[in-house]
Amino acid sequence: MTSVVAWRRILGDEEVVCAVNTDVKRPGTAWVRADGRLHNGTATLDYRYTSHPCRSRRAPVEASNGRSVLVSVPTAGRVVLQPTAA
């Protein structure tokens with residue numbers, strides 16, 4: 001079975017989202033819950049690291065299942081997202 005495995009870590013007032021795609025044939029996506037206290041309004045997360053060098057963008061934190069972000073992970077890849085710098 002292949003899937004996107006995602007987790008998040010909070011240190012102080014900053015949350016980091018990490019994800020790994022175990023599928024070696026297709027890219028994957030997953031909704032990851034975000035801390036509603038840290039991400040309100042129009043918060044976004046930046047892809048700070050990705051195993052796919054052309055992938056550089058932002059992901060909005062949306063009102064889905066509380067607060068969540070849709071993470072896209074390249075084939076057999078990994079990503080790290082951090083809050084957008086002010």
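Trp7 belongs to strand E1, a strand being a DSSP run of E with at least two residues, numbered from the N terminus. In this predicted model, local features need pLDDT of at least 70 and side-chain atom pairs count only at pLDDT 80 or more, whereas totals for chains, interfaces and linings use all residues. Residues are numbered from 1 along each chain as its sequence is written, and side-chain values use heavy atoms, with hydrogens and water left out.

Because its relative accessibility is 35%, Trp7 counts as partly exposed, the class between buried (under 20%) and exposed (over 50%), with a 1.4 Å probe and protein chains only. Together with Val5 and Val20, Trp7 forms a nonpolar surface patch of about 230 Å² accessible area.

## The sheet

Seven strands make up an open sheet in the order E1-E2-E7-E4-E5-E6-E3, with antiparallel pairing, where two strands pair if DSSP finds at least two bridges between them. Strand E1 (4-11) and strand E3 (28-33) are the edge strands, each pairing on one side only.

Within this sheet, strand E4 (residues 44-50) pairs with strand E7 (residues 78-83) in the antiparallel sense over 5 bridges, and Thr50 has Val79 in E7 as its bridge partner.

Ala76 is located in the loop between strand E6 (68-73) and E7, and its phi is near 50 degrees, a positive value in a residue other than glycine. Most residues other than glycine have a negative phi. Ala76 counts as partly exposed because its relative accessibility is 41%.

How values were computed. Helices (H or I, at least four residues) and strands (E, at least two) are DSSP runs, numbered from the N terminus. Patches are made of residues with over 30% relative accessible area and no salt bridge: like charges are joined within 9 Å, nonpolar side chains (Val, Leu, Ile, Met, Phe, Trp, Tyr) within 5 Å. Accessible areas come from the Shrake-Rupley method with a 1.4 Å probe; for residues, only the protein chains shown count as cover. A salt bridge is a side-chain nitrogen of Lys or Arg within 4 Å of a carboxyl oxygen of Asp or Glu.
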